[in-house]
Structure formats: structure tokens, C-alpha cells
Amino acid sequence: MAERKPAKKEGFTAEEKAAMKARARELKSKEDGESAVRAAIAEMSPQDRAIAGRVHEIVKGAAPDLTPKTWYGMPAYAKDGKVVCFFRNAGKFKERYAMFGFNDTAKLDEGSMWPVAFALEKLTAPDEKKIAALVKKAVS
């Protein structure tokens, strides 16, 4: 009877490892959040950078009390130190679209099920209005 080799264990991807290292740096950093977010956006591909920059302005306008910061290397926005929403660029994990998401601190509850993340290939005027409304609701 042939001996079976154990299945190869899957570890973290290079992108996941980079995100964890970014988070460790963030926890030690004394850099202000606005500068960190702008630096994270500047490192993105041109398409992601355009979307992220616009999302940054929308979030700041819709909820000026949220504090910009980076979270696992991504632009994020926090209330009382807890991340409410974040932007994940497509290049971060080699995905085909960027994502705007909300954490459980966001007050978006609607029945027993509701969306907490949205794919973004580009931003239209209706998309921008929807993001602003969701951010306002999330912090209400």
C-alpha cells in the first residue's frame, strides 16, 4: 500500500503578509492619519488612485468627524478609534475591482441582512451620492 503524503498546507499570500506588516507599522507609527491615507493613495495604480482620492473626499465631506487612518495599508476612516469604513484598491490583492467596505461599527443594519461592501470599477455621480449617503448613515 502506497504511503500518503500529507496535503501541502496553504499559507498566507505575499499580499496578505504585506498587509499584516503594514498593520504592524501602523500600530507603531506616529504619522498623522491624513498624511498616511494620502501616502497610501499615492502608491496605488493610476485607476485605483483616482477612485481612492475621490472616495477620500466623499467620506471627509459626508462625515467630517471620522478620522482618516490606514488599516492594513488601506485608507480607512474611524470613529472613536474603530474603523467604520475603508477602501481596498484592486491592486492590493490582485483583484479585478476596488472595494469600498464597512466594518461592524457602521450603523447600516437593515433587517437581518444588508450589504457591507461594494465593488468599484469607476465612480459615477450616482455612485458618489450613494457612498455619501451610506457613510452618513454609518455614523448616524
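User: What should I know about the model before I start reading it?

Analyst: The model is predicted, and local features need pLDDT of at least 70, side-chain atom pairs count only at pLDDT 80 or more, while totals for chains, interfaces and linings use all residues. Residues are numbered from 1 along each chain as its sequence is written, and side-chain values use heavy atoms, with hydrogens and water left out.

User: How do I read the sheet, and what order do its strands have?

Analyst: Helices (H or I, at least four residues) and strands (E, at least two) are DSSP runs, numbered from the N terminus, and two strands pair if DSSP finds at least two bridges between them. Here five strands form an open sheet in the order 1-2-3-4-5, with antiparallel pairing. Strand 1 (67-71) and strand 5 (117-120) stand at the edges, each with a single partner strand, so one side of each has no neighbour in the sheet. On average, neighbouring strands of this sheet are turned by 25° against each other, direction ignored; such angles run from 0 to 180 degrees between N-to-C directions, with axes as lines fitted to C-alpha atoms, for helices over the stretch in contact.

User: Which residues stand opposite each other in the paired strands?

Analyst: Strand 1 and strand 2 (residues 74-79) run antiparallel and are joined by five bridges, and lysine 69 stands opposite alanine 76 in strand 2. Four bridges pair strand 3 with strand 4 in the antiparallel sense, where arginine 88 stands opposite methionine 99 in strand 4. Strand 4 and strand 5 also pair in the antiparallel sense over four bridges, and phenylalanine 100 stands opposite phenylalanine 118 in strand 5.

User: Is strand 4 mostly covered or mostly open?

Analyst: A residue is buried under 20% relative accessible area, exposed over 50% and partly exposed in between (1.4 Å probe, protein chains only). Strand 4 is mostly covered, as five of its five residues are buried. Ala98, Phe100 and Phe102 lie on one side of the strand and Met99 and Gly101 on the other, and both faces are covered.

User: What does the loop between strand 3 and strand 4 hold?

Analyst: Asparagine 89 lies in the loop between strand 3 (82-88) and strand 4 (98-102), and at 10% relative accessibility asparagine 89 counts as buried. Contact means heavy atoms within 4.5 Å; leaving aside neighbours within four places in sequence, asparagine 89 is in contact with Met44, Asp48 and Ala98.

User: How is a pair of aromatic rings described, and how many are there?

Analyst: A pair of aromatic rings is described by the distance of the centres and the angle of the planes. Rings of Phe, Tyr and Trp (its six-membered ring) pair if their centres lie within 6.5 Å, and planes under 30 degrees apart count as stacked, over 60 as edge-to-face and the rest as tilted. By this rule there are three aromatic pairs. The rings of tryptophan 71 and phenylalanine 86 have centres 5.2 Å apart and planes at 50°, so this pair is tilted. The pair links distant parts of the chain, with tryptophan 71 in strand 1 and phenylalanine 86 in strand 3, 15 residues apart. Tryptophan 71 counts as buried at 18% relative accessibility, and phenylalanine 86 is buried with a relative accessible area of 8%. Phenylalanine 100 and phenylalanine 102 form an edge-to-face pair, 5.1 Å centre to centre with 80° between the planes. Ring pairs also link Trp71, Tyr72 and Phe86 into a cluster.

User: Which residues have the most contacts inside the largest nonpolar core?

Analyst: A nonpolar core is a set of buried Ala, Val, Leu, Ile, Met, Phe, Trp, Tyr and Cys residues joined through side-chain atoms within 4.5 Å. The largest one has 26 residues, and those with the most contacts inside it are Phe100, Phe102 and Val135. Helix 2, helix 3 (46-62), strand 3, strand 4 and helix 4 are the elements that give two or more residues to this core, and helix 3 gives the most, with six residues. Apart from this core lies another, of six residues, among them Ala76, Val83, Phe86 and Met99.

User: At what angle do helix 2 and helix 3 pack?

Analyst: Helix 2 and helix 3 pack at an angle of about 155°, with their axes 9 Å apart. Helix 2 is therefore roughly antiparallel to helix 3, given that angles under 35 degrees count as roughly parallel, over 145 as roughly antiparallel, 65 to 115 as roughly perpendicular and the rest as oblique. The contact is made by residues including Glu34, Val37 and Ile41 of helix 2 and Ala52, Gly53 and His56 of helix 3.
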